[in-house]
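Trainee: I would like to go through some terms used for this model. Can we take them one at a time?

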Amino acid sequence: MKAGFIGLGAMGSNMARNVAKAGLLKAVWNRTALVAEVLSQELNVNFASTPAELALQADVVLTCVSADEDLLGVIDAMLPGLSPGSIVIDHSTVSADTAREVAVKVHSRNAAFLDAPVSGGVEGAKNGTLAIMVGGSIESLNQAKTVLEAMSSRIVHMGDVGAGQATKAVNQIMCAGINQAVTEALAFGAAQGLDLEKVIDIVGKGAAGNWFLDKRGSSMTSGTFTPGFKLALHHKDLKICLEMAEKLGMDLPITQMTLHEYAQLIREGYGDEDISALYRLKLK
Ligand code: NAP
């Protein structure tokens, strides 16, 4: 099996490294070509000059780009090179509707499509321990499983195309709530003059312990907000969640509050910081 990787950002570059480690990576492409050139040399794989050129070399094409319109753009550019029988797997976080739109495009080339968003952060991407939630045919998933296993510690088939993204939306709403709880609680600790390193240590070992506190607690309280997960990307995800909830006739108050606060931080120039930059507002 030969895989190609499109979108070599904070997540994609590390995921591509793990696919290469498993001996399955043939080629890489990135919008900013220099990034792909450097990674292709590091991993000793081919540098593709277009998404179509990459697709020509791969049985499995993996994508991990920022947002819905970015994914639709790379899919259109890839289609001329896509062979019948190949499999396109998207790891970006986009709407379930976009996943279904992409599937129609990919099927027009007699290729298969899986929406396979990931969770576990940059750390999970580096360590090959991502959780992957998959929508699409189980046969295609089984065919491509060795590639996904190179990047993950857990893969769950959720249903038809779109079900992976629907599950990821659940994840993103939960992350918003966790971000709210952790940043608010730590700001409350700071206001009381507590030693926050000790707070993070002891609280993290009890019932309130969680991934975000463990991975971002110390950095945020020392004023470092290097991504990680860019706040502007989570803002994009939560807008998708809100649209989905509206269709379901549901209110998502925590999501709404987080969107409002992220919008303020983006206006203040913090959109490229990690989502833990929410702590800035809680300290005010
Ligand atoms: P990132 O570091 O900002 O990387 C974004 C990647 O998408 C870059 O390779 C960028 O290319 C490419 N891209 C953006 N717009 C494009 C376009 N119009 N055409 C082609 N390529 C384009 O973001 P990331 O953190 O890796 O996130 C990527 C996806 O994974 C997002 O959907 C995000 O929501 C999701 N995700 C992120 C995390 C996390 O913790 N970071 C966790 C789970 C899921 P350039 O190099 O040219 O800019």
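**Helix contacts, strands and backbone**

Mentor: In helix 8, Ala166, Ala169, Gln172, Ile173, Cys175 and Ala176 meet His234, Asp237, Leu238, Cys241 and Met244 of helix 11. Contact here means heavy atoms within 4.5 Å. The model is predicted: local features need pLDDT of at least 70, side-chain atom pairs count only at pLDDT 80 or more, and totals for chains, interfaces and linings use all residues. Residues are numbered from 1 along each chain as its sequence is written, and side-chain values use heavy atoms, with hydrogens and water left out.

Trainee: At what angle do helix 8 and helix 11 pack, and how far apart are their axes?

Mentor: Helix 8 (residues 163-191) and helix 11 (residues 231-248) pack at about 115 degrees, with axes 9 Å apart. Axes are lines fitted to C-alpha atoms, for helices over the stretch in contact, and angles run from 0 to 180 degrees between N-to-C directions. Helices (H or I, at least four residues) and strands (E, at least two) are DSSP runs, numbered from the N terminus.

Trainee: Why is helix 1 called roughly parallel to helix 2?

Mentor: Helix 1 (residues 12-21) and helix 2 (residues 33-43) pack at about 25 degrees, their axes 11 Å apart. That angle makes helix 1 roughly parallel to helix 2. The cut-offs: under 35 degrees is roughly parallel, over 145 roughly antiparallel, 65 to 115 roughly perpendicular, and the rest oblique.

Trainee: Which residues make the contact of helix 1 and helix 2?

Mentor: Ser13, Ala16, Arg17 and Ala20 of helix 1, with Leu39, Glu42 and Leu43 of helix 2.

Trainee: How do you know that strand 8 and strand 9 pair?

Mentor: Two strands pair if DSSP finds at least two bridges between them. Strand 8 (residues 130-135) and strand 9 (residues 152-159) have six bridges, in the parallel sense. Val134 stands opposite His157 in strand 9.

Trainee: What makes Asn44 stand out?

Mentor: Asn44 has a positive phi of about 60 degrees, although it is not a glycine. Most residues other than glycine have a negative phi, and most peptide bonds are trans. Asn44 is in the loop between helix 2 and strand 3 (46-47).

Trainee: Where is there a cis peptide bond?

Mentor: Between Pro227 and Gly228, with omega about 10 degrees. Gly228 lies in the loop between helix 10 (211-221) and helix 11.
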